[in-house]
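Please look through the interfaces of the structure below.

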Amino acid sequence: MNLEFSADELAFRDEVRAFIGENYPRDISASALRDDMSPKDLVAWHKVLGAKGWSVPAWPKEYGGTDWTPTQRYIWSEENARINAVMPLPFGVSMVGPVIYTFGNEAQKAQHLPGIRSGEVWWCQGYSEPGAGSDLASLQTTAVRDGDHYIINGQKTWTTLAQYADWGFFLCRTDPSAAKPQEGISFILVDMNTPGIEVRPIKLIDGGYEVNETWLTDVRVPVENLVGQENKGWTYAKFLLAHERSGIAGVARSKRGVEQLREIAKLELLDDQPLISDFAFASKVSQLEIDLAALEITELRTLAGEQAGRGPGPESSILKIKGTEIQQRLTELTLEAVGHYGTPFYGGIPETGSNEYPIGPDYARHSAASYLNMRKTSIYGGSNEIQRNIITKMILGL
Amino acid sequence: MDFNFTDEQTMVRDSLTRLVREKYDSDSRRAVIASESGWRPEIWSQLAELGLFGMPFAEEDGGFGGGAIDSMIVMEEFGKGLVVEPYVPTVVCAGGFLKHAGTAAQKAEHIGGIVDGSRIFAFAYAEARARYDYANLESTAKKVGSGYVLNGHKTVVIGAPWATHLIVTVRTSGSKRDRDGISVFVVDKASDGVVTRDYPTIDGRRASEVFLENVSVPADALVGEEGNGLALIELVTDEAIAALCAEACGAMKVAQAMTVEYSRQRKQFGVPIGSFQALQHRMVDMFTEYEQSVSMTYLATLKLGEGENERKRAVSAAKVRIGQAAHHIGQEAIQIHGGMGMTDELAIGHYFKRLTIFDSEFGNVDHHMKRHIALSGG
């Protein structure tokens, strides 16, 4: 047991660092919030990685994965986080991709996997509904067989960035008479340009628009878009959620966030001294860093387990709970660090090139919006209460 | 010992409750904060007609002889509706400076306008590098002829876009962070050299960066003694903190009640989510935090008239406790509302935002914890 990188791993790190240094698109703003960004910026790095063959490291090699060891994947995340890289969105790469290569047929793999790898095709998810959030299995959207089509009707919500999506994966009820709510659900791929789909943006508390309500009215989808077996969609949905959870911890990103927090706390003053030299504040930053160190090793243990053919199992719920709590705490401390400058609402105020007097330091601009926005992390991907239920049942056996 | 309001106070509270309920429903508020001016002068006039702005002033100054308890009552009701209009900057802060240190002429000049709603103040105390230290000032006033010339940059001045006048803290002598050498001025916002950049705040109010560029004011713009302003600033800001604590209590009460109500309505797994013990106990904790906060607001408010140390200790204790409660209740309210809590459409997010910003006003939890430690001989 050791935590050292081998010579090969160090060489890999240098290779990755050099590649990122040379190829990361320079015109992407590193500090921008996701919903401030143009769709082009959101997929720019994905496209570069697709061409290099590094866009889907976690996939099996036969589908375009890199066959990296857990350590190599860890190094990859770290190196990207160092520059705050805008990583490929998870909806294709981490969610529907693994479902398609695991449960899809050859035609579906051939049709969809290349576009996910390359970043050419934008995916969104159609899971949650207004009445089906934590209780996802109670979903009401129906898909009724009509010849060689399904006719889909219903309303989905929280469809992230659906305004840009080319395709979506939807959970629909195909057998309303099934004995249990988990039965009778199917996993269907839908071309978002199909007539009958209406996407309406939802304004969030940070002032941004990253999620939508998606209404489906008599949407005709070819039956060949069904993934796996009809009425077995819940199995695939759970598989997808477990995959989503293991990526949700965001350890490398949070490590970079702690560094940035320390940088801010060096610039911010308290009694004319750097804020970070204040014991009360510094101890909160260290507490966060300590929690993050524990999470990092826990995640590495989980990754090593996956390498040995286990999981991602219920222990990925720990990663989700701790990872999101840490992300939230990070933004809370950043907001605290900037003092009065968490108060202005910067939405619509130009970032640079304005002739007006500036309002506070640049690093304060996103502090409050990020804090507000990150409250979502303990709600999405299965709320942290649901994660605790999973651990209660699957690990504690209660 | 008596925790009851007088009949008159109860009457005022009841009429405010009605006004906030009728005029400050969440749709009206959302429209107002998105409008160009960001507030409603007609509400301000209505509040003036109710006699609200005269309550904390002595009768001989044109008021109705009330005090901090009246402001507490007003602000708790305002908190329930997330009222954005600038009662604290105008009545509590500017009113406080005038009440405690104003000359007869200054009182005559300003209090009548405060009471009838025509004179609106903002309190420009914060500076870019000062954090929460009222003495760490770079803004200056220099004696020139019979008056003063003010220079400096005051930051995140709440309510300044609506204000006719500013209360400005500056250094008249000494060096940065000296306790001596700080003075307080009343500045007409229309004076030459007052430049503002206005913007909305996260919690639905408006604020300005205020730049003072060789602003000439007459000698009688000085409130209190030259160079001896800090103790006065501490007194008035303590009164402001007590009022903001009351506002936070109002907001927490509504956030807590909305969350309980949502948990009754929202069904998952075939039952209301409020039937889950995991959530029930968390809502009990929210309620407890709220009750503790009300107690601390009473404590701070009732100690405002005591000696300096006792007052400061009580106010800091309240700001610490309520700062913590505001974060706790705000975060839990969003979590229990789930995705809906993240939307601008539901009112709960707006309460969360107000409760978030509360902490940084007049010193956050850490700041007041340190003041409490220092005053406790520790």
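A salt bridge is a side-chain nitrogen of Lys or Arg within 4 Å of a carboxyl oxygen of Asp or Glu. There are 5 salt bridges between chain B and chain A. One of them joins A:Lys284 to B:Asp366, with the closest N and O atoms 2.8 Å apart.

This is a predicted model: local features need pLDDT of at least 70, side-chain atom pairs count only at pLDDT 80 or more, and totals for chains, interfaces and linings use all residues. Residues are numbered from 1 along each chain as its sequence is written, chains are lettered from A in the order in which they are written, and side-chain values use heavy atoms, without hydrogens or water.

Chain B brings 50 residues to the contact and chain A brings 49 (contact: heavy atoms within 4.5 Å). The two chains bury about 4,300 Å², with 57% from carbon and sulfur atoms. Buried area is the accessible area (1.4 Å probe) that two parts lose on being put together, summed over both. On chain B, B:Arg131, B:Arg197 and B:Met342 supply 20% of the area buried against chain A, more than any other three residues.

An automatic or database domain assignment divides chain A into domain 1 (7-88), domain 2 (123-231) and domain 3 (248-349 + 359-395). The centres of domains 2 and 3 of chain A, taken over C-alpha atoms, lie 31 Å apart. Domain 2 of chain A gives 5 residues to their contact and domain 3 of chain A gives 7. Together they bury about 510 Å². Between them there is 1 salt bridge. A:Lys376 and A:Glu210 meet in a salt bridge at 2.5 Å, N to O.
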